[in-house]
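Visitor: I would like to learn how to read the features of a structure. Please take me through them one at a time.

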Amino acid sequence: MKIYLIITLLFLSANCQGQRSNKLIFDKIPFDLSQGQIYDTTYIDLNFDNKKDIILKFVYNNFGAVIPQNESSQQLAIYLNDGYERFKYKCKNTTLLFYTYTSIKQIDLEKFVVVNEGSGQDWNRYYCYFIFDKTQNNWYLYKTEVYRGFYEKGKAIESLKLIDIQDYLQNQRVRFSDVDFINLFQKFLEEVPDPAYYEKIKVNQASIFSTPDVKTKMYLIKGDEVKIIKEKGDYLKIYYFGKKKIEGWIKKSDVE
């Protein structure tokens, strides 16, 4: 006899249309509920059988939780509706959710998209598109998009500009459970500036580099104040605002 678990969910997403009860029946929970909680529930048809399936979002506790190495603090699990409002576990992903603000939306009966919204210094929005492969009975990444958020002069609503798109051929597609946000978007994460702060030059003469290890003829003198926007190894990327704005790199050891 199949054993099902009845889980009371505290948070239901806006996609929970027509649901009258927050008690759902699952055959398995692939998360350690002593370390976190089910934070959100998205109801969409994931295998075009006209039944509402579920994607669960699990979030580890902020304090005291033991997160396995190489896993994200937020994770997803896919469940299929057996037709009797019982949900059968299919797979999970432990590395797709990178930022706090995420969303999942259905595109059509065989596709959905997972969105990571950058925060802090990262103004990008990262879209991962998945399609159901009936022959494999699984979901695969078939496209990614990156949008850059910005505000137009005089407008209070954020605008988005497409800055990257990648389409994956059939033999290039990665299973939902294996998709890793950092592997997909590493180059964009490396471009995100660190939170800016100011420091003063402490040496008599600090050489300015165009890139780390490539010295220019320019230099700063003791007491000059620089705005530091990024760290890389033994170097700092800086702005100096004098008679003209100077952008470059200096050694960490040259500032206080």
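Guide: Start with burial. Buried means under 20% relative accessible area, exposed means over 50%, and partly exposed lies in between, with a 1.4 Å probe and protein chains only. K237, at 22% relative accessibility, counts as partly exposed.

Visitor: What should I know about the model and its numbering?

Guide: The model is predicted: local features need pLDDT of at least 70, side-chain atom pairs count only at pLDDT 80 or more, and totals for chains, interfaces and linings use all residues. Residues are numbered from 1 along each chain as its sequence is written, and side-chain values use heavy atoms, with hydrogens and water left out.

Visitor: What is the mean pLDDT of the protein?

Guide: pLDDT is the predictor's confidence in each residue, from 0 to 100. The mean here is 87, and 91% of the residues reach 70 or more. Over residues 10-21 the pLDDT is below 50. Beyond near neighbours in sequence, that stretch has 21 contacts in the model. Contact means heavy atoms within 4.5 Å.

Visitor: How do I read a salt bridge?

Guide: Side chains of opposite charge can pair when their charged atoms come close. The criterion is a side-chain nitrogen of Lys or Arg within 4 Å of a carboxyl oxygen of Asp or Glu. The structure holds nine salt bridges. In one of them, K237 pairs with E247, with the closest N and O atoms 3.1 Å apart. K237 lies in strand β17 (residues 235-241) and E247 in strand β18 (residues 245-251), so the pair ties together parts that are 10 residues apart in sequence. Helices (H or I, at least four residues) and strands (E, at least two) are DSSP runs, numbered from the N terminus. E247 is partly exposed, at 45% relative accessibility.

Visitor: Which distant parts of the chain does the pair of E158 and R125 link?

Guide: The side chains of E158 and R125 meet in a salt bridge, at 2.9 Å from N to O. The pair links the loop between β10 and β11 (159-167), where E158 sits, to strand β9, which holds R125; the two are 33 residues apart. E158 is partly exposed at 27% relative accessibility, whereas R125 is buried at 11%.

Visitor: On to nonpolar cores. Which residues touch the most other members of the largest one?

Guide: A nonpolar core is a set of buried Ala, Val, Leu, Ile, Met, Phe, Trp, Tyr and Cys residues joined through side-chain atoms within 4.5 Å. The largest has 26 residues, and F112, F130, W139 and F176 touch the most other members. β5, β8 (111-117), β9 (124-133), β10 (138-150) and α1 (181-191) each supply at least two residues of this core. A second, separate core of 14 residues includes L24, F26, Y43 and I54.

Visitor: What does W139 touch?

Guide: Leave out residues up to four places away in sequence. Among the residues that W139 then touches are I78, L80, F112, I131, V174 and F176.

Visitor: How do I read a ring pair?

Guide: A pair of aromatic rings is described by the distance of the centres and the angle of the planes. Rings of Phe, Tyr and Trp (its six-membered ring) pair if their centres lie within 6.5 Å; planes under 30 degrees apart count as stacked, over 60 as edge-to-face and the rest as tilted. There are 24 aromatic pairs in the structure. F98 and Y99 make an edge-to-face pair, 4.9 Å centre to centre with 85 degrees between the planes. F98 is partly exposed at 36% relative accessible area, while Y99 is buried at 11%. The rings of F130 and F176 have centres 5.2 Å apart and planes at 75 degrees, so this pair is edge-to-face. It links distant parts of the chain: F130 is in strand β9, F176 in the loop between β12 (174-175) and α1, 46 residues apart. Both F130 and F176 are buried. Ring pairs also link F98, Y99, Y126, F181, F185 and F188 into a cluster.

Visitor: Which ring does K245 lie over?

Guide: A charge sits over a ring if NZ of Lys or CZ of Arg is within 6 Å of the ring centre and within 35 degrees of the ring normal. K245 lies over the face of Y239, at 4.0 Å from the ring centre. The charged end of K143 sits over the ring of Y129, 4.6 Å from its centre.
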